[in-house]
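Please walk through this structure with me, one element at a time. Keep the sequence and the model side by side.

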Amino acid sequence: MATDVLPEVAGVHWRARMDARRLRTLGRLWTATTVAHVVPFLVAAGALLALQPLTAPVALACLAHAWIIPELYAQRGANVVRPRRRGDSAAERTAIGLLGDLVDHRSRDLHARTGLVVERGALGTWLVGEAGALLVSEGGRRVSCWCVAVKEPSLPSADRIAHLLLALRADEEGFATVANLAFSGARWRVRRRIPVAMRPALDLAGSSPSDSERFTCR
């Protein structure tokens, strides 16, 4: 990874620069927040059933809330890589050709199948989409979902991915500093929420380093 600092980092000067330690801390905070939302509903459901079995419908509603809240968070995270509407087909083909110059053959093939580009960095394995990125870390168990957009929304999809990919390669920690964290949690939660076509990319990112080491930030 290059040691350049992204100019955009100056625009979020109030944020602490992202590093592996801060990434772990944010992940734990997300987990703690989720637990704080879920546990009261589980306790309420158990208490209602213990006090009065006739309150079972209300207890079931509490259990439903305990399940739905984490799912909504995961959906919010998955949305950062949801495909956008495509523009002019000729421009898209040209942009895909330019993106292909930045990655190797396997990455081009994976992008063609999933719409994501996989890059292995110091913080983990990244899946770069056109309006955000997923970062798989902690041995493939956790996924951090980052919302970050190119300022020119009219650009073809592959051009937007190329811009984000170049920014990631130039300054990985700066990229994560500028991006907005939309969700951090278990990989299986995010996997269930992203489009089926994208799941092979997430599976690859969550595999062992020896399986995905060919996808490296340059």
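R120 has T125 as its bridge partner in β2. This is a predicted model. The strand β1 (117-120) is joined to β2 (residues 125-128) by four bridges, and the two run antiparallel.

Now widen the view to the sheet. β1 and β2 belong to an open sheet of five strands, ordered β1-β2-β3-β4-β5. Its pairing is antiparallel. Which strands stand at the edges? They are β1 and β5 (180-186). Each has a single partner strand, so one side of each is left without a neighbour in the sheet. From one strand to the next, the twist averages 20°.

Turn next to the helices. Two packed helices are described by the angle between their axes and the distance between the axes. For helix α3 (residues 89-100) and helix α5 (residues 157-170), the angle is about 25° and the axes are 7 Å apart. Angles under 35 degrees count as roughly parallel, and α3 and α5 are therefore roughly parallel to each other.

Which residues meet there? From α3 come E92, A95, I96, L98 and L99. From α5 come S157, A158, D159, I161, A162 and L165. The residues of this contact divide into eight nonpolar, one polar and two charged.

One loop remains to visit. T55 lies between α1 (20-51) and α2 (56-78). Leaving aside residues up to four places away in sequence, T55 touches L48 and L49. A polar atom of the T55 side chain lies 2.9 Å from the backbone oxygen of L48.

Methods. Residues numbered from 1 in each chain as written. Predicted model: local features only at pLDDT ≥ 70, side-chain atom pairs only at ≥ 80, totals over all residues. Heavy atoms only, no water. Axes fitted to C-alpha atoms, helices over the stretch in contact; angles between N-to-C directions. Parallel < 35°, antiparallel > 145°, perpendicular 65-115°, else oblique. Contact = heavy atoms within 4.5 Å. Nonpolar A, V, L, I, M, F, W, Y, C, P; charged D, E, K, R; others polar. Pairing = 2+ DSSP bridges. Polar contact = N/O pair within 3.5 Å; in protein donor to acceptor, adjacent residues only side chain to side chain.
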